[in-house]
Amino acid sequence: MYLIYDTASAGKPLTFKADISDASNWPRLMHLSWILLGEDLKPIEDHNYLISPQGFTLTEELANNIHVELDQFDKNGNDLEEVLNKLKKSSENAKYVFAHNLKLNGSILGAECYRSSMNNFLGHIESYCLM
């Protein structure tokens, strides 16, 4: 199976060379979406989540950067750990992972796993960048 994901974050990292355990370097996750495709490339799962800000303040400017109204995070925001656990469950059957700008997306996601005391579960799956 194939897992394709994308993130939107609250800014850019201070440096792209930092390890994911340098959590203060990596911006916070604001949005996460993914699709799991079967071997026949037909969708099996399709997920799309706004992440409720936890441990940081979300500004109007940051919300506008990803074209979402700030109040939508209050109305439709999801708990980060719950979303990460859903992604982890989806990834258990994935043979390959794809992301646009894999280094950035993977590091943002990895830093959120680190902040949540989870292992970087996508790190062991063969991954490809779509850039």
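This is a predicted model: local features need pLDDT of at least 70, side-chain atom pairs count only at pLDDT 80 or more; totals for chains, interfaces and linings use all residues.

A: Reading from the N terminus, the elements of the protein chain go β-β-β-α-α-β-α-β-α-β. That makes four helices and six strands, where helices (H or I, at least four residues) and strands (E, at least two) are DSSP runs, numbered from the N terminus. Residues are numbered from 1 along each chain as its sequence is written, and side-chain values use heavy atoms, with hydrogens and water left out.

A quick word on the whole chain. For 131 residues, a compact globule would have a radius of gyration near 14 Å, and the protein chain agrees with its 14 Å; the radius is taken over C-alpha atoms, and the globule rule is 2.2 Å times the number of residues to the power 0.38. Along the principal axes, the C-alpha atoms fill a box of roughly 40 × 35 × 30 Å. Buried residues account for 46% of the 131, with buried meaning under 20% relative accessible area, exposed over 50%, and partly exposed in between (1.4 Å probe, protein chains only). Of the contacts between residues at least 6 apart in sequence, 68% join residues at least 24 apart, a contact being heavy atoms within 4.5 Å.

Now for the part to zoom in on: Leu-3. This residue sits in strand β1 (residues 2-9), and Leu-3 counts as buried because its relative accessible area is 0%. Skip the neighbours within four places in sequence, and Leu-3 is in contact with Trp-34, Ile-35, Leu-36, Leu-87, Ser-90, Ser-91, Ala-94, Tyr-96, Val-97, Phe-98 and Leu-122. There's also a C-alpha distance to note: Leu-3 and His-47 are 44 residues apart along the chain, and their C-alpha atoms are separated by 11 Å.

Ser-90 belongs to helix α3 (residues 80-91) and is buried, at a relative accessible area of 3%. Not counting residues up to four places away in sequence, Ser-90 touches Leu-3, Trp-34, Leu-36, Glu-45 and His-47.

Trp-34 brings us to the rings. Rings of Phe, Tyr and Trp (its six-membered ring) pair if their centres lie within 6.5 Å; planes under 30 degrees apart count as stacked, over 60 as edge-to-face and the rest as tilted. By this rule there are five aromatic pairs. One of them is Trp-34 with Tyr-49, a tilted pair at 5.6 Å centre to centre, with 35° between the planes. Trp-34 is in strand β2 (residues 29-37) and Tyr-49 in strand β3 (residues 43-51), so this pair links distant parts of the chain, 15 residues apart. Trp-34 and Tyr-49 are both buried.

Because Phe-98 lies in strand β5 (residues 96-99) and Tyr-128 in strand β6 (residues 126-129), the pair ties together parts that are 30 residues apart in sequence. Tyr-128 is partly exposed, with a relative accessible area of 36%.

Asn-101 lies in the loop between β5 and α4 and has a positive phi of about 55° although it is not a glycine. Its 25% relative accessibility makes Asn-101 partly exposed. Another positive phi in a residue other than glycine is that of Leu-41, near 65°. Leu-41 is in the loop between β2 and β3, and at 54% relative accessibility Leu-41 counts as exposed.
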